[in-house]
Amino acid sequence: MIGIEILNQVAEKRRVRQYIKDIAVDLKITRFYSKEIRVEFFKALKCGKEPVYGFADYDKYTNEVIIEIARTYENKKLSLEFKMKTLAHELVHAKQYLRGELDPYKDTWKGADCDKWKTVEYSEEPWEQEAMELEETLFEKHWLGKDNG
């Protein structure tokens with residue numbers, strides 16, 4: 001099983017760990033034994049100057065996917081459910097990194113140069129579309145216990 005590390009405070013930490021494991025199984029990324037998913041919860045996050053709910057990145061030197069999740073957004077506390085939906089979204093990005101679909105070092109998506117998507121809105125980037133399409137299903141199935149399949 002892929003390594004999972006959760007840092008900083010989060011409610012129901014044991015349940016969150018199981019949630020990550022369950023999504024990893026669903027996304028078929030458990031076989032990456034030499035890699036790790038590190039999830040960190042922060043009071044607030046920014047990408048540049050813009051506040052964000054979550055962020056994922058891959059460090060090929062440490063074999064880690066680093067996921068950061070905000071506890072607040074524009075000084076408003078985020079619910080645990082909202083954080084878990086954000087975590088599902090970011091775990092889809094973890095899958096993309098681990099499978100080599102999204103490569104931050106070569107700046108490619110499934111082998112194609114990412115430059116061709118630099119002129120589209122964030123929500124139109126194919127890696128974001130996939131994460132947005134899967135986040136609700138993963139959240140409902142693994143956090144709320146609903147099986148929509």
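A disulfide is a pair of cysteine sulfur atoms within 2.5 Å. Keep that cut-off in mind as we look around this predicted model, starting with its cysteines.

## Cysteines

How many disulfides does a search of the whole structure find? The count is zero. The sulfur of Cys 47 has its closest cysteine sulfur in Cys 114, 14 Å away, and that is too far for a bond. Cys 114, for its part, is in no disulfide, with the sulfur of Cys 47 as the nearest one. The surroundings of these two residues are worth a look as well. Cys 47 is partly exposed, at 41% relative accessible area, whereas Cys 114 counts as buried, with 5% relative accessibility.

## The nonpolar core

Now let us turn to the inside of the protein. The largest nonpolar core holds 38 residues, and the members that touch the most others are Val 16, Ile 37, Ile 67, Met 84, Leu 87 and Leu 91. Several helices and strands give two or more residues each to this core: helices H1 (13-26), H2 (80-98) and H3 (126-142), together with strands E1 (3-7), E2 (36-42), E5 (54-59) and E6 (64-70). Which element gives the largest share? That is H2, with nine residues.

Leaving aside residues up to four places away in sequence, Met 84 touches Val 16, Tyr 19, Phe 41, Phe 139 and Trp 143.

## Aromatic rings

Two of those neighbours, Tyr 19 and Trp 143, bring us to the ring pairs. The structure has six aromatic pairs, and two of them are set side by side here.

| Pair | Centre to centre | Angle between planes | Arrangement |
|---|---|---|---|
| Tyr 19 and Trp 143 | 5.1 Å | 80° | edge-to-face |
| Tyr 53 and Phe 82 | 4.7 Å | 65° | edge-to-face |

Tyr 19 lies in helix H1 and Trp 143 in the segment after H3, so their pair ties together parts that are 124 residues apart in sequence. Are these two residues buried or exposed? Tyr 19 counts as buried at 1% relative accessibility, and Trp 143 counts as buried at 5%.

The pair of Tyr 53 and Phe 82 also links distant parts of the chain. Tyr 53 sits in the loop between strand E4 (50-52) and E5, Phe 82 belongs to helix H2, and 29 residues separate them. Here Tyr 53 is partly exposed, at 33% relative accessibility, and Phe 82 is partly exposed with a relative accessible area of 33%. Ring pairs also bring in Tyr 73, linking Tyr 53, Tyr 73 and Phe 82 into a cluster.

Charged side chains meet rings too. Arg 15 lies over the face of Trp 143, 3.6 Å from the ring centre. Trp 143 thus has Arg 15 over its ring face, Tyr 19 as an aromatic partner and Met 84 in contact. Elsewhere, Lys 60 lies over the face of Tyr 105, at 4.5 Å from the ring centre.

## A three-stranded sheet

Our last stop is an open sheet of three strands in the order E9-E10-E11, with antiparallel pairing. Which strands form the edges? They are E9 (102-103) and E11 (112-113), each of which pairs on one side only. E10 (residues 108-109) pairs with E11 in the antiparallel sense over two bridges. Across these strands, Trp 109 stands opposite Ala 112 in E11.

Notes:
Residues numbered from 1 in each chain as written. Predicted model: local features only at pLDDT ≥ 70, side-chain atom pairs only at ≥ 80, totals over all residues. Heavy atoms only, no water. Core = buried A, V, L, I, M, F, W, Y, C linked by side-chain atoms within 4.5 Å. Buried < 20%, exposed > 50% of the residue type's maximum accessible area, 1.4 Å probe, protein only. Helix = DSSP H or I, 4+ residues; strand = E, 2+ residues; numbered from the N terminus. Contact = heavy atoms within 4.5 Å. Phe/Tyr/Trp six-rings, centres within 6.5 Å; stacked < 30°, edge-to-face > 60°. Lys NZ or Arg CZ within 6 Å of the ring centre and 35° of its normal. Pairing = 2+ DSSP bridges.
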